[in-house]
Amino acid sequence: MEKREPFFWLTVSSSVIILAFIVLPLFDMVTDPSLSMLMETLKDRDVLHSIWLSMYASGTAALIAFVFGTPLAYLLARTHFRGKRLIESIIDLPIVIPHPVVGIAILSVAGRNHWIGEALSALGIRIMGSVTGIITVLTFVGLPFYINTVKDGFEAISPRLENVSRSLGASMAGTFFRITFPLAWQSMIIGLIMCTARAVSEFGAVVIVAYHPMIAPVMIYERFEAYGLKYSQPVAVWLVLVCLLLFLVLRVLTLRKAKES
Amino acid sequence: MIRNKMLGTLVVLSCIVSAVLAWSAAAEPQGKLVMFHAGSLSVPFQAMEKALEAKYPNLDLLREPSGSQKAARKIAELNKPCDIMASADYRVIDKLLIPNFADWNVRFATNQLVLCYTDKSKYSNNTNADNWYQVLQRKGVSWGHSDPNLDPCGYRSLMVLQLAEKHYKQPGLYDKLIANRPKENIRPKSVELISLLQTGNMDYAWEYLSVAVQHGLKYIALPDQINLGTYQHDNFYAQAVVKVTGKEPGTFMDMKGKSCTYGVTLIKNAPNKEAAIAFLTYMLNPQGGLKVLKEMGQPPFVPCRVPTEEMKARLPEALKDLVEVKK
């Protein structure tokens, strides 16, 4: 048998510690509520609705990131210009801003004391306490995760392929949709997963913009405050399970397709 | 002989020194002073803490804000060492601490519910104590309160609406008002409504007077019969009943209306009684703590009150002059 270097064991032991660090508390939380309690929670319409709203709002946020973020990611991957670093830092801002600050910032723009808020209310769009508001917040916090992932994806594709296509007479749009997109779509799926995952976990910013209607993390908080840990845990377990399942399915599907192609 | 004389002088001197030391120790409160109090008293007590610690540099006031019930339970059930307990509902002291853990209960200040607004709130120019309940029914007026299940200010706001129905003799008023308050306008804690007011996302919000004053908000003060601020109206207040969630989802309990009257007491086995009395002497003084409370929007009783002569007799000597007997 080949003798392993001590360095190898160092890497293994750190990995074990890290995994235990992540899994142990979660495992404890997931296994703590009894099965009957979990089933009981599943019959609660408010809980089901909050989990559905969480998935729906996060998914919509990811789709918005897909539509508007993909061109931006492409631009950042393919061009070099002055101030590019600045733009990249701005895109990262939602990651570093404390969550409640995000909520307050969005509310102050959406209020009647701001021209944007006035324009919105003239259009009949309400941010405070609405699903629109929740999606706005989730898009805000999720965008950097989508853009950064997809930008890396575009950068990994050689510009030469695009150059060949262009030199053979294809337009920029044609080249993007027929050459770049088919090569980069995997990174887009991963970007969508990252963005949705970030959005599902958001609490601090959402609770400021919308307490009702309740997304799952807000409901977990409300249950914890009003009834204690015992009644908030099952909601958390279901949210974690649903997310885990969804992301697992997405990953498996994309990996399989990637192998086939 | 001379030696004896010197020894004698030394003894006398040391006696004087130790006497002076002992006296100054008695006169100068020092050490840790533990105080449990209602969360809504945090701001005025913080100001009092600063004033007192400036006066007695060796004194360290340790404050633990929490719900009033919880504060009393920490003393009565968990036996946590504590010198002073101040409650947002004076009856908590009567119910949970007297006679085993405290001898007396001084009512020192009040709070009340007010309707807050800003310059930009709709109809803010014409809204007053006589027509607020009509304004809150108008379409397009956005108003809110905190979650009655999470925040006492929330169920108290609803009580005010119920009492308004009776006071203004407007049957069905409560339901009409609630119909114009979408669920989305409920927030977990009342303080969060302030940012909604200030950013123009909401026109009117229910708050405690103290919160309104401490945040510099404009507010409409309501008649004593409905503002939950005067304990003489407790019987009228008791007609308001709000259903809040119980210990588990699907269960409920009724909260009955009662006044926001603050009470304070000295815990019987207080570890630092001297310092506690020094603090209370300052706190119940119209020029000291009561002035602070007034500035912070928690109108004090000047002088503070106990219900019976008998209870007044049980007060520490230093406090007797600061308290009157009044039902």
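**Exercise 1.** How many residues does the contact take from chain B and from chain A?

*Solution.* The model is predicted. Chain B contributes 18 residues to the contact and chain A contributes 19 residues. On the side of chain B that touches chain A, the elements giving two or more residues are β7 (186-187) and α8 (191-198) of chain B. Sorted by class, this side of chain B holds five nonpolar, seven polar and six charged residues.

**Exercise 2.** Determine how the domains of chain B are placed and how they meet.

*Solution.* Start with the bounds: domain 1 of chain B covers 26-111 + 261-325, and domain 2 covers 113-256. Next, the C-alpha centres of domain 1 and domain 2 of chain B are 29 Å apart. Each side is then counted: domain 1 of chain B gives eight residues to the contact and domain 2 of chain B gives eight residues. The domain 1 side consists of two nonpolar, six polar and no charged residues.

**Exercise 3.** Locate the cis peptide bonds from A:His212 to A:Pro213 and from B:Val302 to B:Pro303.

*Solution.* For A:His212 and A:Pro213, omega is about -10°. A:Pro213 sits in the loop between α10 (204-209) and α11 (216-227) of chain A. For B:Val302 to B:Pro303, omega is near -5°, and B:Pro303 belongs to strand β13 (residues 300-306) of chain B.

**Exercise 4.** Is B:Lys169 buried or exposed?

*Solution.* B:Lys169 has a positive phi, near 55°, and lies in the loop between α6 (152-167) and α7 (173-179) of chain B. B:Lys169 has 8 C-beta neighbours inside 10 Å, so B:Lys169 counts as exposed.

Definitions and conventions
Residues numbered from 1 in each chain as written. Chains lettered and ligands numbered in written order. Predicted model: local features only at pLDDT ≥ 70, side-chain atom pairs only at ≥ 80, totals over all residues. Contact = placed C-beta atoms within 7 Å. Helix = DSSP H or I, 4+ residues; strand = E, 2+ residues; numbered from the N terminus. Nonpolar A, V, L, I, M, F, W, Y, C, P; charged D, E, K, R; others polar. Domains from an automatic or database assignment. Buried ≥ 20, exposed ≤ 12 C-beta atoms within 10 Å, placed from the backbone.
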